[in-house]
Amino acid sequence: MSEPVTGITTPIRMEYRYTPGRTTSDFLKAMKGGRMEGRRCPSCRKVYFPARGGCSMCGREFAETVPIKETGTLATFAVVNVNFANRVIDLPYVTAEVVFDGADTTTMVLLRGVSPEEVRMGMRVKAHWIPKEEWDYSLANIDYVEPIDEPDAEYDSYKDLV
Amino acid sequence: MRDVAIVSFAQHSQRREDTRNEVEMLIPVIREALEPIGLTSQDMGFTVSGSTDYLAGQAFAFVQALDAVGPWPPISESHVEMDGAFALYEAWVRLQSGDIDTALVYSFGKSSPGDVARVLALQLEPYLLGPLWPDAVSLAALQARALLDSGKATEKDLARVVSRSRKNAQANPYAQLKGDIDEAALLDEPLYADPLRKHDVPPVSDGAAVLILAAGDRARELSSNPVWIRGIDHRIDIQSPGSRDLTVSPSTTLAAKKAGVPKDPDIAELHAPFSSQELILIEALGLDETRTSINPSGGALAANAVMVAGLQRFGEAFNRINKGDARNAVVHATSGPCLQQNLVAVLEGSN
């Protein structure tokens, strides 16, 4: 009996023409213009940032557009000690879930300007944008958040997002 | 068996949905299906969807689509990586358990973002057949060639199927391809994938469909003419298209027998994306084209949102029976290459 075949390689390549949808398109256009825009659910009144499709709790189309501030509260975070193949960031770094002021959902962003040992839930942070001439239709226009000199937020203010 | 009926249906279908994503496509269709029965998605005993992430090219696209349902507080839900007709089967089984009375079935599919004929090649057996990338149109053409070579059908028969579809589709607002086109004009068209012409191949469609099931008295409360599922079954043939006779569909015949398809139902809604497949299904189901109206909606040749077109067959049959235009129907849905897996159901009105 010869050696069994234990694996084969069958390359797969597919190309897609992706449609972000109306809500996400509006969000991306605002980001391109340097504006952070959330959308409010007409049913539960939650403000999503970024918003996609519809309210993922109520199944309703969004109605109102709500301006979101560049300041926010770090709801939770992870200290990353293993680099992903396509990311080149000095280890360790901190990935934060930030609830920006005016929003009721968290956004995942890179945290800089503080050592991992000093990061804590409730920290107040502010978005740092990439240079204006590089702005694109992307959440990545926000390069990272960094701490600001404000007292930590009360746990109750973000406990539902942890 | 517990009596289960369709009480509502809504759909969306178009050539290319450039602005709305899947969730944005689904939200209004779900609302449209729930409105006539005065219920919300939170009132449903069970929710199940049929779709495939390969169409969107995004892992867990089906989970994202759940946003459209309003799944909070948490609902009881499930998903099949198949046409919505097979999700309907799961809902029917779930209703048999007796502890719930309603179920919402939805399906969605945007065939336009990728090359759908290549996307469908990814459902093939991955060691020997898949790596050859036989696209869905080429496989259907091989099947059509086998059918013509067997002497069971001619190119004129294929044209007859397409002509009927185009004519019937004129009354269907959701159909993309429609018109008063005769067989001779169709046969003048050039070959596309020999022996298929472009019109023997379904259009690329984006769409969504939502259907609501209810059991027993609950169905009678929700609709003045609930459409009962009198029988439903699905069967499967050998996976490799090279290992079976492509000119027949024994799994359809067996499913029809198990579902109890009556002689000469008023209408037949057959999920045949290719004209040649409609001929194979008519024979497998024992239908007489002079006594049963075949695909009065135009069928999948008129609009073919992949993963939706099977559930649409249920909806189209429901609409006609519910309105009193037909007493009963045989409904068929397929999955896999060259009619590999087939579901057959018998629908009947209350009045």
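**Entry 1: helix 4 of chain B.** How many residues does helix 4 of chain B have, and what distance does it reach from its first C-alpha to its last? I noted first that this is a predicted model. Helix 4 (residues 84–96) of chain B has 13 residues and reaches 19 Å. That is close to the 18 Å expected at 1.5 Å a residue. I then looked up its buried residues and found G84(B), A85(B), F86(B), A87(B), L88(B), Y89(B), A91(B), W92(B) and L95(B). After the helix comes G98(B), with a positive phi near 90°.

**Entry 2: helix 6 of chain B.** The 14 residues of helix 6 (residues 136–149) should span 20 Å at 1.5 Å a residue, and the end C-alpha atoms are 20 Å apart, so the two agree. Which residues of this helix are buried? I listed A136(B), V137(B), L139(B), A140(B), A141(B), Q143(B), A144(B) and L147(B). A reminder to myself: an α-helix has 3.6 residues a turn, so residues three or four places apart point the same way. Next I looked up what the buried residues pack against: helix 5 (116–119), strand 5 (191–193), strand 6 (196–197) and helix 11 (275–285) of chain B. Just after helix 6, G151(B) has a positive phi of about 85°.

**Entry 3: helix 7 meets helix 11.** At what angle do the axes of these two helices of chain B cross? The axes of helix 7 (residues 155–169) and helix 11 come within 8 Å and cross at roughly 95°. The two helices are therefore roughly perpendicular to each other. On the helix 7 side I found D157(B), L158(B), V161(B) and V162(B), which meet S275(B), S276(B), E278(B) and L279(B) of helix 11. I sorted the residues of this contact into four nonpolar, two polar and two charged.

**Entry 4: where the chains touch.** The contact takes 23 residues from chain B and 20 residues from chain A. On the chain B side, helix 1 (22–34) and helix 5 each supply at least two residues. Helix 1 of chain B gives the largest share, four residues. I counted 11 nonpolar, seven polar and five charged residues on that side of chain B.

**Entry 5: a sheet in chain A.** I ended with an open sheet of three strands, in the order 2-1-3 with antiparallel pairing. Strand 2 (47–48) and strand 3 (64–67) of chain A stand at the edges with a single partner strand each, so one side of each has no neighbour in the sheet. Strand 1 (residues 37–40) and strand 2 of chain A pair over two bridges. R39(A) stands opposite Y48(A) in strand 2 of chain A.

Conventions:
Residues are numbered from 1 along each chain as its sequence is written. Chains are lettered from A and ligands numbered from 1 in the order in which they are written. This is a predicted model: local features need pLDDT of at least 70, side-chain atom pairs count only at pLDDT 80 or more; totals for chains, interfaces and linings use all residues. The expected span of a helix is 1.5 Å times one less than its number of residues. A residue is buried if 20 or more other C-beta atoms lie within 10 Å of its own, exposed if 12 or fewer, and partly exposed in between; C-beta atoms are placed from the backbone. Two residues are in contact if their C-beta atoms, placed from the backbone, lie within 7 Å. Axes are lines fitted to C-alpha atoms, for helices over the stretch in contact, and angles run from 0 to 180 degrees between N-to-C directions. Angles under 35 degrees count as roughly parallel, over 145 as roughly antiparallel, 65 to 115 as roughly perpendicular and the rest as oblique. Ala, Val, Leu, Ile, Met, Phe, Trp, Tyr, Cys and Pro count as nonpolar, Asp, Glu, Lys and Arg as charged, and the others, Gly among them, as polar. Two strands pair if DSSP finds at least two bridges between them.
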